[in-house]
Amino acid sequence: MPDPFADLLLRLRQDSGRTQEEQAEAINAVSGRDTLTRREISRYENFENIPTNHTIGHIAAACGVPFEELQREAKAARVRKREGHANAGEDQDAVKRRTLLGGAAISVSAAAEPWGRLAFALSKGSKIDSSSAVALIDRAAELHVQELNLSARRLQSTVEAHLDAITAALPRAGEHERALAIAAGETAALAGWVAWDLGEHDRADAYYRVTSQCAATAGHPPLRALALTYASYGASSPKAKLEFLSQAANDVRGHGNATAAAWVLGRHAEEAAAVGDETGALRALERARFAYDFADHTSEQAWVRFVTPYRMDSLALSVYGQLGRPELTVTADTAVGRLGDELSDGGVVVLGDLASALLRGGDVDQGVYVSRQFAAAAQAKPNTMGKERAATIAASLPDSERELGLHLRQFAS
């Protein structure tokens, strides 16, 4: 028969609303290593194995329960296993009444969705050890880089698992509360971006709202800028997009925000170009490039790590392509030269923006040629941003390239 400790692990997972695979992902998100599998979770829940104290610490953080109490239950289970008594005469209902579950940091019944659980956790407070806090914060930063090499659906489950792990830790954050609230907001914003990319627009809006709540809780305006800039892609009108980006630009003023400012201003230039405001677009792009001259995307906010020189190239290509500016040719040469022989995941995005820019700028033959290069590269290195660009390129191709357009639409879906 199952042991009370195995039953406890099962109910902790079920109370979190996770499958065994999702539980493994949540625990891996805390540890920062993809070592735990669905099979190992099954072994724990069937009392075939008992997790080590190291793993128990990660389980406690992922499920939002006190480590010491979970460790005590595991110790008792090891004694029972050695003695060969699975139940040791203990009433399982007694385990259910223990303070472990009663004192859990977060009740899943408080909210059914990850953003709701995060909003609930922001109102709590307690203590978590420094190593766990650092692991959660570093993992949040890594996810913004992984955006370029994971599919949207795979990225969504990974990001939401990590968001749940931070949410579970927040009520016990203690001195790490502000840093974890920022990491939670960064993760929630990325979850919103991926949801939007998958067509789940209401879900995306909910994530962006709770990101802004994290920004307010932590007193960290650049985090709101992240939510606003992501949200600008799906805003209801060109005017709304530019309003979002203007507010975001105000939120990233000051020291330490150069990379964030460059991205926000680059997006503003892109949207200004889309409505034909050539003067506004070129001015914003110039400011973006000036800011990037003073930027270090590896040492500022965690989420700006995706704002690489490749990303700045793609923004410039988008602006010049939409405006039909002569600078497009020189910018395209610079971007292609920067890509080199080994095409990175970010380079796939640049090829996509270059193809779109050429097609919009009227250089159809060259645009089709680059579109074919992009199609091959995107197929070899599929990622969320690449798929979004595939759909844009497909819509801009001439009627004579129906086969290529069909291929790109299928890839995007």
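Before the count, a definition: a cavity here is a set of grid points where a 1.4 Å probe fits but cannot get out. By that rule, this predicted model has 2 cavities of 30 Å³ or more.

I will take the second largest cavity, which holds about 80 Å³ of space. What lines the second largest cavity? Its lining consists of Leu 9, Leu 12, Arg 13, Gln 23, Ile 27, Ile 41, Tyr 44, Glu 45, Ile 59 and Cys 63. Sorted by class, that lining has 7 nonpolar, 1 polar and 2 charged residues. At least two lining residues come from each of helix 1 (4-15), helix 2 (20-31), helix 3 (38-45) and helix 4 (53-63).

Now to helix 4 again, and its packing against helix 10, residues 152-169. Two packed helices are described by the angle between their axes and the distance between the axes. For helix 4 and helix 10 the angle is about 90 degrees, and the axes are 6 Å apart. Angles of 65 to 115 degrees count as roughly perpendicular, so helix 4 and helix 10 are roughly perpendicular to each other. On the helix 4 side, the contact uses Ala 61, Ala 62 and Cys 63; on the helix 10 side, Asp 164, Ala 165, Ala 168 and Ala 169. By class this contact has 6 nonpolar, no polar and 1 charged residues. Cys 63 is in this contact and also lines the second largest cavity.

Last, the chain as a whole. Its secondary structure is 22 helices and 0 strands. Of its 413 residues, 54% count as buried. Among contacts between residues at least 6 apart in sequence, 68% join residues at least 24 apart.

Technical notes: Residues numbered from 1 in each chain as written. Predicted model: local features only at pLDDT ≥ 70, side-chain atom pairs only at ≥ 80, totals over all residues. Heavy atoms only, no water. 1 Å grid on protein atoms, 1.4 Å probe; cavity = no way out; pocket = protein on both sides within 12 Å on 5 of 7 lines; lining within 4 Å. Points joined across faces, edges and corners; volume = space filled by probe spheres on them. Helix = DSSP H or I, 4+ residues; strand = E, 2+ residues; numbered from the N terminus. Nonpolar A, V, L, I, M, F, W, Y, C, P; charged D, E, K, R; others polar. Axes fitted to C-alpha atoms, helices over the stretch in contact; angles between N-to-C directions. Parallel < 35°, antiparallel > 145°, perpendicular 65-115°, else oblique. Contact = heavy atoms within 4.5 Å. Buried < 20%, exposed > 50% of the residue type's maximum accessible area, 1.4 Å probe, protein only.
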